[in-house]
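Okay, thanks for coming, everyone. Let me put the model up and walk you through a couple of things.

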Amino acid sequence: MLNVQEIQEIIKLIDQSSIEEFTYETNGTTVSLKKSSQKNPVSVQDNQIQPTTKVENVQQSDVKANIKNEPVENEVTSEQSQAVAYDHEIVSPMVGTFYTAPSPEKDAFVSKGSKVDESTVVCIVEAMKLFNEIEAEVSGEIVEILVENGELVEYGQPLFRVNTK
Amino acid sequence: MESTRNKLIKLLAEHTEDYISGQMLSEKLNISRSAIWKHMKELERDGYQIEAKSKVGYRIIGFPERITENTIQWGLKTKWLGKKVIHREVTNSTQVVAHQEAKENKGHGTVVIADEQKIGRGRMSRAWHSKRGSGMWLSMILRPELPPYLAPQLTLLTAVALADTISDMTGTEPLIKWPNDILFANQKKCAGILTEMQAEQDKIQYVVIGVGLNVNQQLSDWPEEIQERATSLQIETNQSWSIQSIIQEFLCTFEKTYDMYMKKGFVEIKKKWEAYGFKIGEWITIYTLQEKKKAIFAGIASDGALLIRNESGKVERLYSGEIDWFNKKA
């Protein structure tokens, strides 16, 4: 287990680097650091039984909560999100690679402005060669795609913003 | 449109009592007599027994072992897997049929088997050559009660069941290339697995696991660029194998492995997987969107992820990515 000094040291190093996200894991303890626009939320969790993916989800929602609670510190973020009205986020149910289309030469499942319903497939997330077709689970309009094709995504990471009205 | 080959088989099948002349076949099929002769040679290789009598013609005297729903189920020693079998002589892809079946019916344990796939699918819709009667082409529908984030482990589980089947039946020593390709020490691949899932955030609707295993192909069955990378059980063992027995054996082994996983989790699967693991302890190259890096393949994590150790000793988990296993691009 890392001590507080070590964690501080890591934060400092990452702060000075261009690394956006950092996860360190040892003996069932996970430390995850993620840069938002202006701050580095830190979370340390002991997890003996639960798989990391689950913990990362908890951590991610912590990050989100931070941003929402401190609008002043994150002006840029909140301005951006105000530009598009949304009331639902489609999040990734697992760690993996995000694909916008069923294969490279095919059209994307959806694009900005696409109308979706509960069973519309919006993307594929692949991990260990399992291809998970993600359905929208709500009806509405895709107002923002938050991830690039081929990008790695975490458990619980928002992928799309949907306006259900 | 019906292929010339299928028309030829039909014509021969209508004339099992008498000979049908090469001239007549040539007229009916509108192809040359030497083309007919080539087709006959091909049919023989695929298990048809054809008698050719000079100046009289051809006669079919034996058909290859045929897979049907009944023959698969007859002697199948499983408890729940393959209790419903959907057999297609030809289909575009068993995956597509399985998806339809899964959407229309409940179908846990339903198995879709094809003799031939027109558009066999691999990763990202890469084609898989699946000629009639030359391999095991099947898809299984499962509805596991698992959280979706654990479902990727099913791909490693399937690879273990397939490697067990191959090694038990043929005495060869298959290897598993992470996460789920089957190859041999000569680095040639004989099987691929494609797993597709429909899931909500916290519940799996269904999983379709597609398995393609090359059984009785010869090298000349494939285009040149594939010959370098592909092999079949027949090429490895110098003998042909009954597709039906392999299917039955695989389904049986898969069911046992799956039931064990549901009961005891991934621990046992991990042990077995690592015993088959290709290139554990060796250098591999990993390509991500941002970078290319070399690292040692250190084994798999408790959840099935690929563990890599870089030069400075740092260990990382990898769930996805393009990996160069053969250092071809380096």
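So, the DNA-binding region: UniProt lists residues 22-41 of chain B under that name, and that comes from an unreviewed entry. Keep in mind that what you see here is a predicted model. In this model, residues 22-41 of chain B are 85% helix and 0% strand. From the C-alpha at one end of that span to the C-alpha at the other, you get 14 Å.

On the chain B side, 30 residues are in contact with 34 residues of chain A. Between them, chain B and chain A bury about 2800 Å², and 58% of that is on carbon and sulfur atoms.

How many salt bridges are there between chain B and chain A? The count is one. The side chains involved are Lys129(A) and Asp181(B), at 3.1 Å, N to O. As for polar contacts across the interface of chain B and chain A, there are 11 residue pairs, with both residues at pLDDT 80 or more.

Which parts of chain B supply the side that touches chain A? Helix H6 (153-170) and strand S10 (189-199) each supply at least two residues. S10(B) gives the most, with seven. If you sort the residues on that side of chain B, you get 15 nonpolar, nine polar and six charged.

S10(B) pairs with strand S8 of chain A, residues 130-135, in the parallel sense over five bridges. If you want one spot to look at, find Phe131(A): its bridge partner in S10(B) is Glu196(B).

Definitions and conventions. Residues numbered from 1 in each chain as written. Chains lettered and ligands numbered in written order. Predicted model: local features only at pLDDT ≥ 70, side-chain atom pairs only at ≥ 80, totals over all residues. Heavy atoms only, no water. UniProt positions renumbered as here; feature names shortened; annotations may be inferred. Helix = DSSP H or I, 4+ residues; strand = E, 2+ residues; numbered from the N terminus. Contact = heavy atoms within 4.5 Å. Buried area = accessible area lost by both parts, 1.4 Å probe. Salt bridge = Lys/Arg side-chain N within 4 Å of Asp/Glu carboxyl O. Polar contact = N/O pair within 3.5 Å; in protein donor to acceptor, adjacent residues only side chain to side chain. Nonpolar A, V, L, I, M, F, W, Y, C, P; charged D, E, K, R; others polar. Pairing = 2+ DSSP bridges.
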